[in-house]
Amino acid sequence: MAGLTLYDKLWESHLVKNLDDGTSLIYIDLHFLHEVTSPQAFEGLRLAGRKPWRAGANMATPDHNVPTTKDERSRGVEGILDPTSKIQVKSLDSNCLEFGISEFQIDDPRHGIVHVIGPEQGRTLPGMTIVCGDSHTSTHGALGALAHGIGTSEVEHVLATQCLVQKKAKNMLIKVNGRLNPGVTAKDVVLAIIGHIGTAGGTGYTIEFGGEAIQSLSVEGRMTVCNMAIEAGARAGIVAVDEKTIEYVKGRPFAPTGATWDMAEAAWRDLVSDADAVFDALVELEASDIVPQVSWGTSPEMVAPVTGNVPDPASMSNESKRNNYQQALKYMGLQAGIPIQSIQLDRVFIGSCTNSRIEDLRAAAAVVKGRKVAANIKEALVVPGSGLVKAQAELEGLDKIFTEAGLQWREPGCSMCLAMNADQLGEGEHCASTSNRNFEGRQGFGGRTHLVSPAMAAAAAVHGHFVDIREVELN
Amino acid sequence: MKKFISEDGLVLPLDRANVDTDYIIPKQFLKSIKRTGFGKNLFDEARYLDKGLPDADCSGRPINPDFVMNQPRYKGVSILLARENFGCGSSREHAPWALDDYGFRCVIAPSFADIFFNNCVKNGILLIVLKDKIVEKLFSETAANEGYRLAVDLPSQTITTPSGETIAFEIEESRKNILLNGLDDISLTLQNKEDIQAYETGWQQKSPWLFSQLGS
C-alpha cells in the first residue's frame with residue numbers, strides 16, 4: 001500500500017465518520033471568528049436555541065472593518081467613526097460575551113489580523129484542523145495544519161457541532177526545486193506558482209508546497225505562500241512540519257509546555273508526507289527561474305516578471321482567455337506590451353494577512369531606509385498585522401524609518417487589502433500592494449491593484465513606479 | 001433551509017470568466033449584520049455607474065446601460081449562465097445571499113470555486129456544471145432568442161431548452177438530497193452527536209494539548 005500524504009494524515013486523524021452519502025464528518029480543532037462573517041451565524045444559533053459545542057475551541061477578533069488611524073483607535077470601539085462598522089465590531093463583542101468565546105477586542109495589545117495573531121499566539125498548532133469564515137485561513141497550513149475558509153452557514157455549523165461535512169479533496173504537490181535568487185521572496189514564489197497553474201489550477205485539491213525552496217523559507221514566508229493557495233483555487237495549502245516549525249511554535253503563549261510539549265512535539269514530527277505517498281497531481285518549478293513578480297491584471301494569475309512587459313491579449317489563441325485579458329487591461333487602463341517598470345503608481349500598501357508580519361516589515365524598511373517616497377505617490381501605508389508586530393517593529397525602530405521616508409505608520413487590521421474601512425484607492429489609481437487579490441474594485445471603487453512583495457512595494461514607493469528589487473542597494 | 005426542486009425561468013448570460021465574489025457583492029455591503037437585502041447591490045460595480053454605499057437607496061442611481069443585467073429583455077431572470085471558475089475569491093456568503101435576494105435560483109457554468117459552491121447549497125441555490133461546449137451553445141441560444149428560458153428539474157437532473165432539447169447534469173447525491181428536502185444540516189450533523197462525542201474523547205486522550213490551550 002502506498003504511503004500517506006500529509007493531507008491524508010490530517011484528514012484521517014480528524015475523521016469522525018464516513019456518512020452514507022459519500023461525505024464525511026470532520027472534527028474541527030480550532031475556529032477563528034471575525035466581525036464580518038459571524039453575526040448571521042450567531043443569530044442563527046440564537047434563533048435555533050443552540051449553544052457552541054465547545055466554546056474554548058473558538059477565538060475571535062475584529063479585523064476586516066477596523067479603522068487604522070491612531071486617532072480612531074485610541075478611543076477603542078467607540079472611536080470607530082463609521083457607524084455601520086462600529087455596529088459590526090460591537091456585535092462581535094456582544095456575541096462573544098453571550099456565547100462564552102474568547103476575543104481579542106480592538107483595544108487589546110494582542111489584537112490584529114486573525115491569520116497573523118493565530119500563529120503568533122500559538123493558538124495555531126501543527127496537526128490541527130482550523131477553519132474561519134475567511135478564505136485566507138489557508139495561511140495556517142504553513143504550520144502543518146489543515147486550514148481553510150468557510151462560509152457563514154458553515155461558521156454556524158462549526159459553532160454548533162464542532163464538525164464540518166466534507167468531501168475529501170485530491171492531493172497536489174507543488175515542488176519548488178533548488179534555491180531562490182537573492183531578492184526573490186515567498187510572495188514572488190507564490191505569485192509565480194499562481195501564474196503557472198492559474199487561478200483555478202488548484203480547485204478541488206489540497207496543495208502541499210514542498211521542495212528545497214519552500215523548506216528554505218522561514219515559517220512566516222511559508223505563511224505567505226499558504227495564504228495564497230486559495231488564489232490558485234485550492235481551499236487549503238500546507239507545508240510539512242520540520243525543525244523550523246517546531247522552533248516557531250515553542251514558547252508561544254498558547255503552545256503546550258512541559259511533558260505535554262514533548263508529547264505534542266513527538267506527534268508533530270510525523271506530520272510529513274510519506275516518502276512513497278502518491279499525489280494526484282504534481283507541479284514542479286525551478287526556484288532559479290523565479291524573478292520578482294508584479295501582477296498587471298485583475299486576477300492573481302495575471303502576473304509578469306518585473307523585467308517583463310504587460311502581455312498582449314491578441315497573441316492568445318484561447319478566446320475566453322483573450323476576452324478575459326482584454327477586460328483586465330481595459331479595467332487597469334494599461335496598454336498591451338508596455339514594460340512593467342513603466343507603470344506609474346499613485347499609492348502603496350504594505351500590510352494584509354499575506355505580508356504584514358515582522359519579517360515583511362523589516363524587508364520593506366531595509367529598502368526605504370534613508371530614502372524618500374516619490375513625489376507622485378499620494379499615500380503609502382504600512383499596516384502591521386498585529387499589535388505585537390507593531391510593538392516589535394517599534395522596538396527595532398522600523399516605524400521611524402517608515403515615517404522618515406514619508407510612509408504612514410498605522411494601527412493593525414486588514415485595511416486596504418479589502419478596503420472595508422476608510423483605507424481605499426481612488427478611482428483609476430494604481431497601487432503597489434502586498435495583499436493577495438487584485439480583483440476589480442477590491443481596494444476601492446475603480447482602484448487598480450498590483451500585487452508584489454514587501455520589498456518590491458517599498459522600492460515602488462521610493463521610485464514611484466516598479467523597479468527590480470535586485471538592483472536596489474539596501475541600507 | 002430553502003428547497004430547490006425545479007425552476008422554469010428567464011436566463012441571464014454573464015459572459016465573463018473568473019467572476020469573483022468581490023464582483024458579485026463588493027465589500028462595503030458586507031457591513032450588514034443581516035442575511036437579506038443584498039439583491040439591490042448584486043454586481044454593484046458593474047451594474048451602476050457610481051460608487052455604491054451601504055444602506056443607500058439604489059432607485060435613483062445611474063445605471064450602466066452596457067451591463068447585461070440592465071437590458072430590459074433580462075428583467076425577471078432567475079437562471080444565471082456564467083463562465084468558468086465562477087465565485088472565486090473570498091468566502092463571503094453574502095455572494096449567494098445577493099444572488100438569492102435578486103431572484104436567482106440556479107447558476108450554470110463550466111466550473112465553480114469550491115467555497116462558493118458549498119455556500120450556494122446552504123442557501124438553496126442549485127449550481128450546475130456543464131461542459132464548455134454546452135455552456136457555449138446556451139450562451140449563443142440566449143443571445144439569439146429574446147425571452148430565452150430554461151426549465152431546470154432537479155429530481156430528474158435535466159435542463160430543458162425552449163426547443164425541447166434535454167440536457168442531463170450531474171450532482172452529488174448528498175447535495176441533491178439537501179436541496180430537494182431543504183434540510184437543516186446542523187440538525188442532520190447533530191444526529192451523529194454520540195459519534196462526535198466518542199471521537200472527541202479519543203482525540204483528547206491522544207492530543208491533550210488541543211483541549212487545554214489556556215494561554216500564558
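Predicted model: local features only at pLDDT ≥ 70, side-chain atom pairs only at ≥ 80, totals over all residues.
Residues are numbered from 1 along each chain as its sequence is written, and chains are lettered from A and ligands numbered from 1 in the order in which they are written.

Helices (DSSP runs of H or I, at least four residues) and strands (runs of E, at least two) are numbered from the N terminus. In chain A, the axes of helix α2 (residues 39-48) and helix α6 (residues 152-161) come within 8 Å and cross at roughly 50°. Axes are lines fitted to C-alpha atoms, for helices over the stretch in contact, and angles run from 0 to 180 degrees between N-to-C directions. α2(A) and α6(A) are therefore oblique to each other; angles under 35 degrees count as roughly parallel, over 145 as roughly antiparallel, 65 to 115 as roughly perpendicular and the rest as oblique. Gln40(A), Ala41(A), Gly44(A) and Leu45(A) of α2(A) meet Thr152(A), Val155(A), Glu156(A), Leu159(A) and Ala160(A) of α6(A), contact being defined by C-beta atoms, placed from the backbone, that lie within 7 Å. The residues of this contact comprise 5 nonpolar, 3 polar and 1 charged, where Ala, Val, Leu, Ile, Met, Phe, Trp, Tyr, Cys and Pro count as nonpolar, Asp, Glu, Lys and Arg as charged, and the others, Gly among them, as polar.

Chain A also holds an open sheet of 5 strands with parallel pairing, in the order β17-β16-β15-β18-β19. Two strands pair if DSSP finds at least two bridges between them. Because β17 (408-409) and β19 (448-451) of chain A each have a single partner strand, one side of each is left without a neighbour in the sheet. β15 (residues 347-350) and β18 (residues 430-433) of chain A pair in the parallel sense over 3 bridges, with Ala432(A) in β18(A) as the bridge partner of Val348(A).

In chain B, 7 strands form an open sheet of mixed pairing, ordered β4-β3-β2-β1-β5-β6-β7. β3 (residues 106-109) of chain B and β4(B) pair in the parallel sense over 4 bridges, and Cys106(B) stands opposite Leu126(B) in β4(B). Helix α5 (residues 132-144) of chain B packs on this sheet, touching β1 (6-13), β2 (77-81), β3 and β7 of chain B.

Between the chains, 54 residues of chain B are in contact with 61 residues of chain A. α8(B) gives the most to the side of chain B that touches chain A, with 5 residues.

Note on methods
Contact = placed C-beta atoms within 7 Å.
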